[in-house]
Amino acid sequence: EDVTVLADGMYQLILTEVQWQAIQSSQALNGIDVKVTKGPDGRYTILMDGTQWLQMQINVKMIYSQTIMQQIIVQAQPGGGYILILKPKEYDTLISIGAFKGITVSYDIDPSGNYKIKLTSAEWTIFQVNLGATEGGAYSLK
């Protein structure tokens, strides 16, 4: 996608048909009323203000969070704390969306190449908050 901040502060996204369909089906624009026009070249132009742009970022983060949390393994440890087992791509995505903000990440890499990340109970709570979980924890342990 091509994103430009215009002189008036509006955000302009120019998307192919495939990108536009992906954004619609992913619900990245859920709750956002944007102006969309289709150009003669078949590409879509979306205009949104700063608040709408931020909401879209939150929506995308939630989509990534929910998808990844369905795939990773979280193990509660005897005596407290948790271990997250992540594939490298899942780890990279979680880093990119700020899932570990405020957490000092400590990990080992297992023989399969997966990341085994150790979190304290407090860090687990921060991790869930960073992913948009509601109080009480939105994610089940596996």
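This passage describes the overall fold of the protein chain, then helix 4 and one of its residues. The structure is a predicted model, in which local features need pLDDT of at least 70, side-chain atom pairs count only at pLDDT 80 or more, and totals for chains, interfaces and linings use all residues. Residues are numbered from 1 along each chain as its sequence is written, and side-chain values use heavy atoms, with hydrogens and water left out.

The protein chain contains 4 helices and 8 strands. These elements are DSSP runs numbered from the N terminus: helices are H or I with at least four residues, and strands are E with at least two. Their order along the sequence is β-β-α-β-β-α-β-β-α-β-β-α.

The radius of gyration of the protein chain is 18 Å, whereas a compact globule of 142 residues would have a value near 14 Å. The radius is taken over C-alpha atoms, and the globule rule is 2.2 Å times the number of residues to the power 0.38. Along the principal axes, the C-alpha atoms fill a box of roughly 60 × 30 × 25 Å.

Of the 142 residues, 35% are buried. Buried means under 20% relative accessible area, exposed over 50%, and partly exposed in between (1.4 Å probe, protein chains only). Contacts (heavy atoms within 4.5 Å) were also counted. Among those with a separation of 6 or more, 56% join residues 24 or more positions apart. The accessible surface comes to about 8500 Å², with 52% belonging to carbon and sulfur atoms. Areas come from the Shrake-Rupley method with a 1.4 Å probe; for residues, only the protein chains shown count as cover.

Helix 4 spans residues 121-130. Its buried residues are Glu123, Trp124, Phe127, Gln128 and Asn130. They lie on the same side of helix 4, because they cover an arc of only 160 degrees around the axis. The arc is that of the directions from the helix axis to the C-beta atoms. The cover over these buried residues includes helix 2 (50-69), helix 3 (88-96), strand 5 (73-76), strand 6 (82-86) and strand 8 (115-119). Just after helix 4, glycine 132 takes a positive phi of about 90 degrees.

Isoleucine 126 also sits in helix 4. Isoleucine 126 counts as partly exposed, because its relative accessibility is 31%. Leaving aside residues up to four places away in sequence, isoleucine 126 touches Lys101, Gly102 and Ile103. Threonine 4 is 122 residues from isoleucine 126 in sequence, and their C-alpha atoms are 32 Å apart in space.
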